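Q: Hi! Could you walk me through this structure in plain words?

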Amino acid sequence: MKKYDKLIFELSRPGRTGYQLPADNYGVDALSEIPADLLRKNAPELPEVNEMDVVRHYTNLSNKNFGVDTGFYPLGSCTMKYNPKINEEIAAMPEFASLHPLQPAETAQGALELYYNLQQALASISGLAEFTLNPYAGAHGELTGLMVMRQYHISRGDTKRTKVIVPDTAHGTNPASAMVAGLEVVEVKSKPNGSIDVEDLRPLLDDSVAGIMMTNPNTVGMFETEILEIADLVHKAGGLLYYDGANLNPLLGKVRPGDMGFDIMHINLHKTFSTPHGGGGPGAGPVGVAAHLVDLLPNPRVRKGDDGRFHVDTDDRSLGNVSTFFGNFGVLMKAYAYILSLGRDNIRNVGPMATLNANYIKESLKDLYKLPIEGVCKHEFVFDGLADKSTGVTTLNVAKRLLDFGFHAPTIYFPLLFHESMMIEPTETESLETLDEFIDVMRRVAREAAEDPDMVKAAPVTTEISHPDETGAAKNPVLSYRQLKANAK
Ligand SMILES: *Cc1c(COP(=O)(O)O)cnc(C)c1O
């Protein structure tokens with residue numbers, strides 16, 4: 001093991017320090033001594049290392065990261081597009097970054113204007129009346145949107161509407177958010193082509209239904225062509241339609257969820273509107289609603305007065321606060337910078353290019369990988385493992401082998417519709433050359449699976465670790481050095 005691959009505690013040597021103020025500073029007064037009663041009695045259990053070792057340790061660790069800035073990242077559903085660096089520069093502008101959330105609105109007009117303009121832009125892009133930018137992530141947006149849905153029925157005295165219909169292909173956060181919002185989940189089946197089975201939906205629509213959660217294109221990347229009929233059925237039954245905006249990317253500027261009949265939606269700004277994500281955030285999950293639901297949006301609200309000044313409101317009919325202040329403001333700034341740097345015309349190109357890239361990969365590989373759903377996909381698609389299953393090489397094996405060639409693996413074993421799901425989303429930001437390299441490697445792995453399946457099963461061989469005990473890591477995680485030492489005893 002290389003020195004800096006060790007745990008920082010293993011680099012520790014008793015008495016070694018990072019930095020200590022000198023006693024004699026050429027006569028300049030040093031900091032006064034810390035009073036004795038404030039000094040700790042026992043030494044902290046911290047690694048004793050010098051500054052250079054710390055810098056080398058963490059710099060070496062950071063080089064082991066894989067990110068969209070280091071390579072192709074076709075992780076389906078996650079929209080790992082390239083995030084332009086101008087977004088970061090703008091989000092770091094001290095005029096915004098050093099604002100205090102409690103300072104008077106009159107002194108933060110620029111930030112409020114940005115918030116207001118962004119919510120207007122999102123409303124225009126999605127065809128809904130108004131947005132709140134307060135939720136912190138997609139799942140938080142789902143919860144907020146479902147609280148709006150629930151509040152809407154309660155405010156009309158329609159209290160028996162407690163069920164939310166969720167497709168069997170849905171992302172796990174959908175049923176989870178419904179449960180947290182105090183609603184009951186009812187599953188609707190998909191047809192073999194992955195779209196909602198309208199005949200299965202019909203009998204579920206009674207007066208206990210609060211609404212339906214959907215995404216379009218759906219989880220397998222296909223456009224729900226029966227969406228207008230579904231919207232009509234749900235509305236006639238007194239329910240609302242919730243749109244999971246994680247799949248908004250292919251529709252940007254082309255098709256609007258509001259026009260499809262959706263009443264409530266969230267947008268994952270960190271996916272569609274380019275903020276680095278993965279590893280837990282931070283993200284942002286703005287929620288938009290149709291005109292009849294605007295009053296229920298969470299507090300605080302940013303409004304523009306007749307005099308052109310911006311102010312912060314709290315509304316009585318609102319469902320309350322879902323976050324402290326105005327959400328992850330830095331992420332909102334990145335999304336705003338991204339939208340303004342593209343402009344309306346280029347935003348319209350995002351969806352078609354993402355769609356073209358996905359279809360190009362799909363068509364170039366479908367002779368070697370099993371394509372369960374034929375036809376034009378949107379921004380992503382699903383293979384059901386290798387076409388030739390006789391080699392015993394699984395989706396997990398292929399995913400791990402890809403790491404040897406410097407590609408991030410696709411999303412695997414989701415959706416649950418197929419046994420060997422491999423969900424590929426290239427996004428619009430990748431060049432033809434990168435797509436071709438990926439296709440070449442995928443074809444090579446399929447060939448290797450036929451010729452030398454054991455070699456593929458042993459992959460990856462170029463990474464730091466190869467086959468970690470994933471179940472053990474989840475069930476008995478070792479999260480501190482103290483725990484590691486205790487386990488070793
Ligand atoms: C990512 C994703 C979510 C959850 O969003 P977070 O921002 O990660 O909380 C919900 N639904 C779908 C389809 C997603 O891809």
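**Salt bridges and cores**

A: A search of the whole structure turns up 30 salt bridges, a salt bridge being a side-chain nitrogen of Lys or Arg within 4 Å of a carboxyl oxygen of Asp or Glu. This is a predicted model, where local features need pLDDT of at least 70 and side-chain atom pairs count only at pLDDT 80 or more, while totals for chains, interfaces and linings use all residues. Residues are numbered from 1 along each chain as its sequence is written, and side-chain values use heavy atoms, with hydrogens and water left out.

Q: OK, which residue does Lys-3 meet in a salt bridge?
A: Lys-3 pairs with Asp-53, at 3.6 Å from N to O. Asp-53 sits in helix α1 (residues 51–62) and Lys-3 in the segment before α1, so the pair ties together parts that are 50 residues apart in sequence. Helices here are DSSP runs (H or I, at least four residues), strands are E runs of at least two, and both are numbered from the N terminus.

Q: Is Asp-53 buried or exposed?
A: Asp-53 counts as buried, at 3% relative accessibility. Lys-3, at 45%, counts as partly exposed. The cut-offs are under 20% relative accessible area for buried, over 50% for exposed, and partly exposed in between (1.4 Å probe, protein chains only).

Q: And what does Arg-317 pair with?
A: With Asp-295, in a salt bridge of 3.0 Å, N to O. Arg-317 lies in the loop between β9 (310–313) and α11, and Asp-295 in the loop between β7 (287–289) and β8 (301–304), so this pair links parts that are 22 residues apart in sequence. Arg-317 is partly exposed at 45%, and Asp-295 is partly exposed at 36%.

Q: Switching topic: how many residues are in the largest nonpolar core?
A: There are 55, and Leu-118, Leu-122, Leu-269 and Phe-273 have the most contacts inside it. Such a core is a set of buried Ala, Val, Leu, Ile, Met, Phe, Trp, Tyr and Cys residues joined through side-chain atoms within 4.5 Å. Among the elements that each supply at least two residues of this core are α4 (109–126), β3 (184–188) and α11 (329–365).

Q: What does Leu-269 touch?
A: Not counting residues up to four places away in sequence, its contacts (heavy atoms within 4.5 Å) include Leu-118, Leu-122, Pro-286 and Val-331.

Q: What about another core?
A: Apart from the largest one lies a core of 32 residues, among them Leu-365, Ile-373, Met-423 and Leu-435.
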